[in-house]
Amino acid sequence: MDVSSSHTLTESQAVIDHLNEILKHEWTGVQQYSQAAFIVEGLMRELYAPKFQEDADESFGHAKLVGEKIAALGGVPTVLRNEVKQSRDVRELVENALAFESKAVEMYSAAIELAEEHADRSLVVFLEDILAQEQEGVDEYSKLLRDTPAKQGEVETATSRSAAA
């Protein structure tokens, strides 16, 4: 085996290993978000149960994509997951979700850097598409946790515009 072939196998294995860490994270998301959807109670259930289930479905979709990519690269997709964070407190569930999405952004960003180092443009594009969805999750959960109601005068309404005219 020549050096270039060995280098290619090493590069692919590094990518496969990182993608398997991402896959573990996505498997965790399926279970963590599903569990949150199952147990959220009270007045916020109607809002959060569907949101958490939607995010479980998104994690499963990402897991399928990443698993297929690992197999395409010659690897074996992992069946393992990380620890699932649980709570009955809605705010804590949302905080856990934000931490989960933030970690996903970090992991996909690192995978993109790795793919760029190996000049694998199609893998970069593949990962960027998923990264954009993960960043949307960070943005959404950040807004849900923001307890800063608009101050009087900061948000212009139709009524205030017509009153000023």
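In the predicted model of the protein chain, residues 24 or more positions apart account for 79% of the contacts with a separation of 6 or more, a contact being heavy atoms within 4.5 Å. Residues are numbered from 1 along each chain as its sequence is written, and side-chain values use heavy atoms, with hydrogens and water left out. As the model is predicted, local features need pLDDT of at least 70 and side-chain atom pairs count only at pLDDT 80 or more, whereas totals for chains, interfaces and linings use all residues.

The average pLDDT (the predictor's confidence in each residue, from 0 to 100) is 89 for the protein chain, and 83% of the residues score at least 70. Over residues 1-7 pLDDT stays under 50, and the model has 2 contacts beyond four places in sequence for this stretch. Where pLDDT is low, the predicted coordinates should not be read in detail.

The protein chain contains 5 helices and 0 strands, in the order α-α-α-α-α along the sequence. Helices (H or I, at least four residues) and strands (E, at least two) are DSSP runs, numbered from the N terminus. Of the 165 residues, 38% count as buried, that is, under 20% relative accessible area, with exposed meaning over 50% and partly exposed in between (1.4 Å probe, protein chains only).

Helix H2 (residues 45-72) packs against helix H4 (residues 121-145) at an angle of about 165°, and their axes lie 12 Å apart. Axes are lines fitted to C-alpha atoms, for helices over the stretch in contact, and angles run from 0 to 180 degrees between N-to-C directions. H2 and H4 are therefore roughly antiparallel to each other, a term for angles over 145 degrees. On the H2 side, the contact is made by Tyr48, Lys51, Phe52, Asp55, Glu58, His62, Leu65, Val66 and Lys69; H4 contributes Leu123, Phe126, Ile130, Gln133, Glu134, Glu140, Tyr141 and Leu144. By class, this contact has 9 nonpolar, 2 polar and 6 charged residues; Ala, Val, Leu, Ile, Met, Phe, Trp, Tyr, Cys and Pro count as nonpolar, Asp, Glu, Lys and Arg as charged, and the others, Gly among them, as polar.

Two single residues were also examined. Lys24, in helix H1 (residues 3-39), is buried, with a relative accessible area of 18%. Apart from neighbours within four places in sequence, Lys24 is in contact with Thr78, Leu80, Arg81 and Asn82. Ala119 lies in the loop between helix H3 (90-117) and H4 and is exposed, with a relative accessible area of 68%. Although not a glycine, Ala119 has a positive phi of about 55°.

Technical notes: Parallel < 35°, antiparallel > 145°, perpendicular 65-115°, else oblique.
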